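Here are my notes for you, as numbered points. Have the coordinates open as you read.

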Amino acid sequence: MDQRCFVEKWTLINTGPQTQTLAIGGTQLIQEEAGWHGQYHRKIVSDAKPVVSIKPGEKYNFGIYFTARQNDEPEPGRSLSEIEKGRDLFLDSVSNNLVLKSPDLTINTLFSFSKIRAAESIFRSKLGLVHSPGGGNYYVGIWANDQAEYSGPFFSYLGYQKGMQAAMNTYRIFQDSIPSNGRKMWASFELDVTFPFGAHDRGDAAMIAYGATHFLLASGDRDRAEELWPLIDWCLEYSRKRVTADGIVASESDELEGRFPTGSANLSTSSLYYGALIQAGRLAKAMGKPRSMVSDYEARAQRLSEAIEKYFGAKMDGLDTYRYYKENTTLRSWICLPLAVGINQRKNGTLDALFGKLWSTNGVLTELKENDSAAPVFWDRGTLYAFRGAFKAGAADRALERLRAYSKTRLTGFRVPYVVEAWPENGMAQLSAESALYCRIFTEGLLGLEPTGFNTFLLRPNLPSEWSHLELNNMMAFNTSIDIRLKREKDKVQVTVLKNGKIVADRLIKNGTEIPVSVK
């Protein structure tokens, strides 16, 4: 957990009736290379004995260590028991918080695994702990989408303190790098978060504002909000200046960075800016900002919602949904984003597109093309946002059917046991922040949780008709421990919310009814 060392633990078990004597070959590989920070030293070595005898029913453990160091650093320690103990302590700290209990074992298990994958990709950089995409090639770097938008808000519910530190450092790094003269925000910081990167405006300001406002509200910390308010203010103002005569937000690209066309203004950037305005209004109110500021954010969000409908709303492939940009003629996965931020005018057609024409065995395809001989492309983040938006919009039964199939594929299929980045690009790498998006299907989607203050939130639960219950226990948000329990009572749902074991809300409602909750 705290050294440049990856470990494989091997266990040999004698299941036979006689003692077995085994010879274990020497395992050692040494590599030297000149790198970014000087000389790199890599070593693979085992602590196995050359010859071992194992009695019937007994076992022998040994480790294989993949170590690295740079320049004159000492070699990492190689104690299998100590390394395993550190990993177990981490697993305990993650597993005991934000515990999902649903009737579906596969979904429960993938949720549990997703917490681990989302929380483990944290590294110490020159600027402190940072969460990184991972996946085999993206380390000690931060992105406006994966870290600021996806994983940052997730950590405000998990209660993993290193994750909270990493999220704050992400937002601090972006804040410390606010550009001058109206230039765009950098999309990422690579190479020990010292190298800013990103040639085009991907809507990064909207991504950062959308993630940071959620993180600050749910973490329930006024001091953090005061510290990061300049970043939020700048991001919202930058986006406001990019609003076109049509009322939507211009950006040169989106987070897929030109892999698919986006025109001069895309649905993603405008949707995220809308969500950021809604949350910024709530955050400003919680911070005691002038009422005129709150009203301004609310009015801008309303105008933007109307502009999104007018500019992007269209009949696509026979469905009343959205075109992704002005010249767009194909269905795209990111048409799910209005649902994720609470814009539901075209809910039915959009769901028909996402869970019908765009659906595949690997979730929602990024784009639907007719007579295209190339392999279909999918990015899991589009599917994960689609699930969140569908549950949030009240389509629980339809979303559950697809979620069950998708979760089984990801947990037990051919690339397991986590959600992935994309195919064919990067070979379905299991980036860390995508796992955070899987968990957020349940907090913001199925439970419809929306933070409204430092200790208040809305719930709009949508329990699938097949499920008799659902629990999300020990959610470490709003500076306390919260349990949320849903139980079906005939055609209604009993919703119980507990703060540190004491009931603070207990309502019998119809599915989709909004409940305000205070945990003061």
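1. A term to begin with: a residue is buried when its relative accessible area is under 20%, exposed when over 50%, and partly exposed in between, using a 1.4 Å probe and protein chains only. Please keep in mind that this is a predicted model, in which local features need pLDDT of at least 70 and side-chain atom pairs count only at pLDDT 80 or more, while totals for chains, interfaces and linings use all residues. Residues are numbered from 1 along each chain as its sequence is written, and side-chain values use heavy atoms, with hydrogens and water left out.

2. With that in hand, look at Arg-440: its relative accessible area is 2%, so this residue is buried. Arg-440 sits in helix H13 (residues 432–446); helices (H or I, at least four residues) and strands (E, at least two) are DSSP runs, numbered from the N terminus. What does the side chain of Arg-440 reach at 2.8 Å? The backbone oxygen of Tyr-150. The Arg-440 side chain also makes a polar contact with the side chain of Glu-444, at 2.5 Å. A polar contact here is a pair of N or O atoms within 3.5 Å; within protein, one must be able to donate a hydrogen and the other to accept it, and residues adjacent in sequence count only if both atoms are side-chain atoms. Not counting residues up to four places away in sequence, Arg-440 touches residues including Glu-149, Pro-153, Phe-154, His-214 and Arg-388, where contact means heavy atoms within 4.5 Å.

3. Next, the nonpolar interior. A nonpolar core is a set of buried Ala, Val, Leu, Ile, Met, Phe, Trp, Tyr and Cys residues joined through side-chain atoms within 4.5 Å. The largest one has 147 residues, and Tyr-438 and Leu-459 touch the most other members. Helix H5 (residues 204–219) gives the most to this core, with 11 residues. Apart from it there is another core, of 6 residues, with Ile-24, Val-52, Ile-54 and Ile-64 among them.

4. Leu-459 deserves a click of its own. Leaving aside neighbours within four places in sequence, the contacts of Leu-459 include Leu-447, Leu-449, Ile-484, Val-495, Val-497 and Val-517. Gly-448, Thr-513 and Glu-514 are also among the contacts of Leu-459.

5. Now for salt bridges, each a side-chain nitrogen of Lys or Arg within 4 Å of a carboxyl oxygen of Asp or Glu. How many does a search of the whole structure find? It finds 36. In one of them, Lys-43 pairs with Glu-75, with the closest N and O atoms 2.8 Å apart. Lys-43 lies in strand E4 (residues 38–46) and Glu-75 in the loop between strand E6 (59–70) and helix H1 (80–95), so this pair ties together parts that are 32 residues apart in sequence. Glu-75 is partly exposed, at 37% relative accessibility.

6. Asp-201 and Arg-242 also meet in a salt bridge, at 3.5 Å from N to O. Buried or partly exposed: which describes Asp-201? Asp-201 is buried, at 4%, whereas Arg-242 is partly exposed, at 28%.

7. Elsewhere, salt bridges that share partners join Asp-146, Glu-255, Arg-381, Glu-421 and Glu-434 into one network.
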